[in-house]
Amino acid sequence: MADSTPDGFDVNPADMTAMVVPNNLRAAKAPEDRILAALERNGYSADTIFAIKLALEEAMTNAVKHGNCNDPSKHITVRYIVNDRYTVVMVRDEGAGFCPAAVPDPTHSENLERPFGRGIMLMNSYMTRVCYGDNGNEVWLLKNKNEPSP
Amino acid sequence: MTSTAGYGAPLQITVRRDGPVHFVSLTGAASMYVVENMQSQILSLIDDATPNMIIDLSGLTYISSIGIGALLAADVRSQNVRGAARLVNPTGEVARILTLTNIDTIVEIHATIDDALGSLPPVAD
């Protein structure tokens, strides 16, 4: 487990809840359910919960399909903290990593029918901040509770 | 997940066939863990006899990029059998996501089912 957080993510890793799940999207529902329940308990608006669910699913889908290459022997790690000011989520896969900056813009006409990049674009659109670990196999998501929708 | 808010409502798929067209209504949330089944179900409907599909999104409350991929797959499958897929009346955040991803420039989106029906290509005999 990482023992540090990226710049701009002012959380103590020891305060984050961690879950390790098998590498498939049905298993990834478990951490999503826990995070959504925590958001509701902390009074997050429906719009903000939607935004966090979307970014979380994009991160986990990328981890399962691209990072771990749909390998059922691999796992994804989800760490999160939800409080009355912000939510921070980290998703890590066991793959070799990638360079987010090298992913072409999915909204350009020549890329529209390619199956890559929309998830990253949606995470960037809906989150307060998105940051990748040095390897590219770890993504950190920050959403301020009272930030309006894009 | 106990909430019945839009982002958590179970996905319901209803299907009706009229000649060469399947009318598919998606209501609830197309969450990542249901999209594989959704895509399989939708694609299984498209064939030489029923190459066209109209997908009503007016009741869809959530979609992510993997769900968008399923809609695009329906469009590709339809075109492969000389038909077409059309999307109808996405609302709220679903409409915003389709716009953000420029999907509305690949798959035709119409305000009503009648409009979508009128835009379909004729089916070859």
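The side chain of B:R17 reaches the backbone oxygen of B:G19 at 2.9 Å, a polar contact in the sense used here (a pair of N or O atoms within 3.5 Å; within protein, one must be able to donate a hydrogen and the other to accept it, and residues adjacent in sequence count only if both atoms are side-chain atoms). B:R17 sits in strand β1 (residues 12–18) of chain B; strands (E, at least two residues) and helices (H or I, at least four) are DSSP runs, numbered from the N terminus. With 52% relative accessibility, B:R17 counts as exposed, on a scale where buried is under 20% relative accessible area, exposed is over 50% and partly exposed is in between (1.4 Å probe, protein chains only). Setting aside neighbours within four places in sequence, B:R17 is in contact with B:H22, B:A49 and B:T50, contact being heavy atoms within 4.5 Å. B:M53 is 36 residues from B:R17 in sequence, and the two C-alpha atoms are 9.2 Å apart.

This is a predicted model, in which local features need pLDDT of at least 70 and side-chain atom pairs count only at pLDDT 80 or more, while totals for chains, interfaces and linings use all residues. Residues are numbered from 1 along each chain as its sequence is written, chains are lettered from A and ligands numbered from 1 in the order in which they are written, and side-chain values use heavy atoms, with hydrogens and water left out.

On to the interface. Here 26 residues of chain B are in contact with 28 residues of chain A. The two chains bury about 2600 Å² between them, 63% of it on carbon and sulfur atoms; buried area is the accessible area (1.4 Å probe) that two parts lose on being put together, summed over both. Between chain B and chain A there are 7 residue pairs in polar contact (both at pLDDT 80 or more). The salt bridge count across the interface is 1, with a salt bridge taken as a side-chain nitrogen of Lys or Arg within 4 Å of a carboxyl oxygen of Asp or Glu. B:E36 makes a salt bridge with A:R26, with 4.0 Å between the closest N and O atoms. On the chain B side, α1 (35–43), β3 (52–63), α2 (65–80) and α3 (92–100) each supply at least two of the residues that touch chain A.

Over all chains, the structure holds 10 salt bridges. One of them joins A:K53 to A:E32 at 3.0 Å, N to O. A:K53 belongs to helix α2 (residues 46–67) of chain A and A:E32 to helix α1 (residues 29–41), so the pair ties together parts that are 21 residues apart in sequence. A:K53 is buried at 1% relative accessible area, and A:E32 is buried at 0%. A:E32, A:K53 and A:E57 are linked in a salt-bridge network.

Elsewhere in chain A, A:E147 and A:K143 meet in a salt bridge at 3.1 Å, N to O; A:E147 is partly exposed at 25%, whereas A:K143 is buried at 2%. A:D84 pairs with A:R85 at 4.0 Å, and A:R85 is exposed at 55%.

A:K145, in the segment after β5 (138–144) of chain A, is buried yet has no salt bridge: the nearest side chain of opposite charge, A:D84, is 6.2 Å away (Lys and Arg count as positive and Asp and Glu as negative; His and the chain ends are not counted). A polar atom of the A:K145 side chain does lie 2.8 Å from the backbone oxygen of A:N42.
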